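Subject: Structure for you to look at

Hello,

Here is the structure I said I would pass on.

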Amino acid sequence: MSRETARKVLEIESRAILDLLPRIDAGFDRAVDLLIGCAGRVVVTGMGKSGLIGQKVSATLASTGTPSLFLHPAEAIHGDLGRIVKGDALLAISHSGDTEEILALVPQAKRLGAPLLAMTGQPRSALAAAADVHLDVSIRGEACPLGLGPTASTTAALAMGDPLAMALLERRGFTVDDFAVLHPGGRLGKKLLRV
């Protein structure tokens, strides 16, 4: 039974990723243009599991040449809004697109002049409507047998973050040498940095 469950989860999550392929379209190009045009940092935000995915997306951006930081949306509206400065862009991740903490952050970020890229599973949501650019990461259904646990939805959001980061890496002309500078530690650092 557990093997059957495991296989079904992987099949559902694989389909969620494959369903993203036709969404790499003009909207994706606009998202890359928005982020490449950002003179500051890409400030990534998300609540709950979307926040955890956002932390990974932010880390991938930062390690591949796009300055980025993660901003917790609840903390943002309680003083951490100062982390967003002129020239920054906001990337908000929310499966529902109606996460209260993110919706409270959006007008504040816009007031600061930060363009908004939203990544949601609901193209008709409030967050998608507020965004300058929206990326659809909707799914057919969660892989959780209860239909509740964020599984396929977080996989889809995570998967969309990587093509964004890699497209930006290419547009910036980020090289192996640049990568080495940002990865001095661990096995990867030893492999890349030759004394």
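This is a predicted model: local features need pLDDT of at least 70, side-chain atom pairs count only at pLDDT 80 or more; totals for chains, interfaces and linings use all residues.

Helix H7 and its partners

I start with H3 (residues 49–63) and H7 (residues 152–172), which pack at an angle of about 15° with their axes 9 Å apart. Because that angle is under 35 degrees, H3 and H7 are roughly parallel to each other. Their crossing is right-handed. On the H3 side the contact is made by Lys49, Ile53, Lys56, Val57, Thr60 and Leu61. On the H7 side, the residues that meet them are Thr154, Ala157, Leu158, Gly161, Asp162, Ala165, Met166 and Leu168. By class, the contact of H3 with H7 has eight nonpolar, three polar and three charged residues.

Thr60 is a residue of H3 and has a relative accessibility of 12%, so Thr60 counts as buried. Setting aside residues up to four places away in sequence, Thr60 touches Asp162, Ala165 and Met166.

The next pair is H2 (residues 26–36) with H7, where the packing angle is about 55° and the axes are 10 Å apart. That angle makes H2 oblique to H7. H2 crosses H7 in a right-handed sense. H2 brings Phe28, Ala31, Val32, Asp33, Leu35 and Ile36 to the contact, and H7 brings Met160, Pro163, Leu164, Ala167, Leu168, Arg171 and Arg172. The contact of H2 with H7 divides into 10 nonpolar and three charged residues, with no polar ones.

H1 also packs on H7, at an angle of about 40° and with the axes 9 Å apart. H1 is therefore oblique to H7. This crossing, too, is right-handed. The residues involved are Ile12, Glu13, Ala16 and Ile17 of H1 and Ala152, Thr155 and Ala159 of H7. Five of the residues in the contact of H1 with H7 are nonpolar, one is polar and one is charged.

Nonpolar cores

The largest nonpolar core has 33 residues, of which Leu35, Leu91, Leu117, Met119, Leu135 and Leu164 touch the most other members. Two or more residues of this core come from each of the helices H1 (2–18), H2, H3 and H7 and the strands E1 (42–46), E3 (89–94), E4 (116–120) and E5 (133–136). H7 gives the most to this core, with nine residues.

Leu35 of H2 is part of the contact with H7. Leaving out neighbours within four places in sequence, Leu35 is in contact with Val42, Ala89, Leu117, Leu164, Leu168 and Arg172. Another core lies apart from the largest one; this other core has 17 residues, among them Leu71, Leu105, Ala109 and Ala118.

A loop residue

Gly113 sits in the loop between H5 (100–111) and E4. With a relative accessibility of 53%, Gly113 counts as exposed, because the cut-off for exposed is over 50%. Gly113 and Ile84 are 29 residues apart along the chain, and their C-alpha atoms are separated by 9.4 Å.

Regards

How values were computed: Residues are numbered from 1 along each chain as its sequence is written. Side-chain values use heavy atoms; hydrogens and water are left out. Helices (H or I, at least four residues) and strands (E, at least two) are DSSP runs, numbered from the N terminus. Buried means under 20% relative accessible area, exposed over 50%, partly exposed in between (1.4 Å probe, protein chains only). Contact means heavy atoms within 4.5 Å. Axes are lines fitted to C-alpha atoms, for helices over the stretch in contact, and angles run from 0 to 180 degrees between N-to-C directions. Angles under 35 degrees count as roughly parallel, over 145 as roughly antiparallel, 65 to 115 as roughly perpendicular and the rest as oblique. A crossing is left-handed if the near helix is turned anticlockwise from the far one by less than a right angle, and right-handed if clockwise. Ala, Val, Leu, Ile, Met, Phe, Trp, Tyr, Cys and Pro count as nonpolar, Asp, Glu, Lys and Arg as charged, and the others, Gly among them, as polar. A nonpolar core is a set of buried Ala, Val, Leu, Ile, Met, Phe, Trp, Tyr and Cys residues joined through side-chain atoms within 4.5 Å.
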